[in-house]
Amino acid sequence: MAQNMPKRKIKDSVFTNLFQDKKYLFQLYKALHPEDSNVTEDDIKDVTIKHILVDVDYNDLGFSVGDRLVILVESQSTWTMNIIIRALMYLIQTYHDFFKRTKQNLYGSKKVNMPKPELYVIFTGEKPKNPPNIISLSKDFFDGEKIAVDAEVKVFYQEDKNNIIGQYIIFCKVYNEQRKKYGQTKEAVTETIRICKNRNVLKEYLENKEQEVVDIMMTLFDEEQILEAYTEDITHREAKKTAEKLIRKGKMSLDEIADCVSALSFDELKKLEAEVMENEKISQLTRISEGLT
């Protein structure tokens with residue numbers, strides 16, 4: 001990332017804010033392991049990696065229950081197999097923190113104790129055709145070839161009012177619909193909350209933290225607009241550099257350059273050509289002047 005791009009302060013998403021509450025984190029675990037009838041809220045330990053200044057948003061959650069280490073990642077809007085890489089990297093960092101926290105010596109002869117990993121993804125965008133329920137590093141990146149380190153991630157897509165994972169997916173789908181209808185506005189957020197409460201989707205959470213949820217989502221709107229403006233600026237500057245190089249070479253007409261560099265208007269290209277020609281003249285005069293002296 002360019003040095004002039006300011007670091008983006010991480011803010012809670014609804015995902016991270018929801019599961020910071022032990023009550024909802026417990027419901028999440030029970031949705032993953034309904035067979036575990038003995039677990040209590042006190043058995044769950046949040047081990048989410050905290051970030052202070054980051055370049056991208058994180059929507060990751062980590063927690064341990066007994067001998068299980070659960071890493072759960074929310075993948076937003078666009079489906080990508082690359083989410084398995086992110087989950088794996090997050091797992092490695094979590095193990096690093098675990099060994100440091102438990103003061104276990106990785107270089108000693110004694111075998112260390114480590115919790116068993118479980119990797120999950122909650123996908124909240126448009127469901128792809130024939131979506132996989134499990135994605136695998138070896139299968140999806142190396143055609144099933146045996147590799148030194150493999151990882152499997154279970155993927156959740158299903159809307160389901162009977163568990164908190166399915167309710168969260170419903171919340172995101174409602175939000176996407178309202179955003180299409182109202183744009184990046186407070187009305188889109190408040191309508192999402194109203195609809196979900198009426199449908200008994202995350203109702204208790206939304207009633208107790210409605211203003212906090214509004215603040216979170218409005219902050220994310222602001223961050224998205226800043227990033228979009230920055231991306232557009234980068235695209236325009238890169239297009240200008242490319243067009244300038246083509247003009248200097250002198251092998252293409254402005255019409256041909258316009259076809260290659262669509263981010264610039266024809267009037268912008270004409271102005272850029274005039275600037276390049278003027279700079280060339282100044283450079284030539286400077287070289288002549290230096291030669292005479």
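Select Asp60 to start: you'll find this residue in strand β4 (residues 60-65), where strands (E, at least two residues) and helices (H or I, at least four) are DSSP runs numbered from the N terminus. The model is predicted, so local features need pLDDT of at least 70 and side-chain atom pairs count only at pLDDT 80 or more, while totals for chains, interfaces and linings use all residues. Residues are numbered from 1 along each chain as its sequence is written, and side-chain values use heavy atoms, with hydrogens and water left out.

Asp60 is buried, at 4% relative accessible area (buried is under 20%, exposed over 50%, partly exposed in between; 1.4 Å probe, protein chains only). Now show Arg86 and Tyr90: both are among the residues that Asp60 touches, leaving aside those up to four places away in sequence (contact means heavy atoms within 4.5 Å).

Next, the salt bridges (a side-chain nitrogen of Lys or Arg within 4 Å of a carboxyl oxygen of Asp or Glu). The count comes to 10. Pick Lys23 and Glu204, whose side chains meet at 3.4 Å, N to O. That pair links helix α2 (residues 22-32) to helix α7 (residues 203-208), 181 residues apart. Lys23 is partly exposed at 30% relative accessible area, and Glu204 is partly exposed at 40%.

Then jump to Asp36 and Arg68, another salt bridge, with the closest N and O atoms 3.7 Å apart. Asp36 sits in the loop between α2 and β2 (44-46) and Arg68 in strand β5 (residues 68-75), so the pair ties together parts 32 residues apart in sequence. Both Asp36 and Arg68 are buried.
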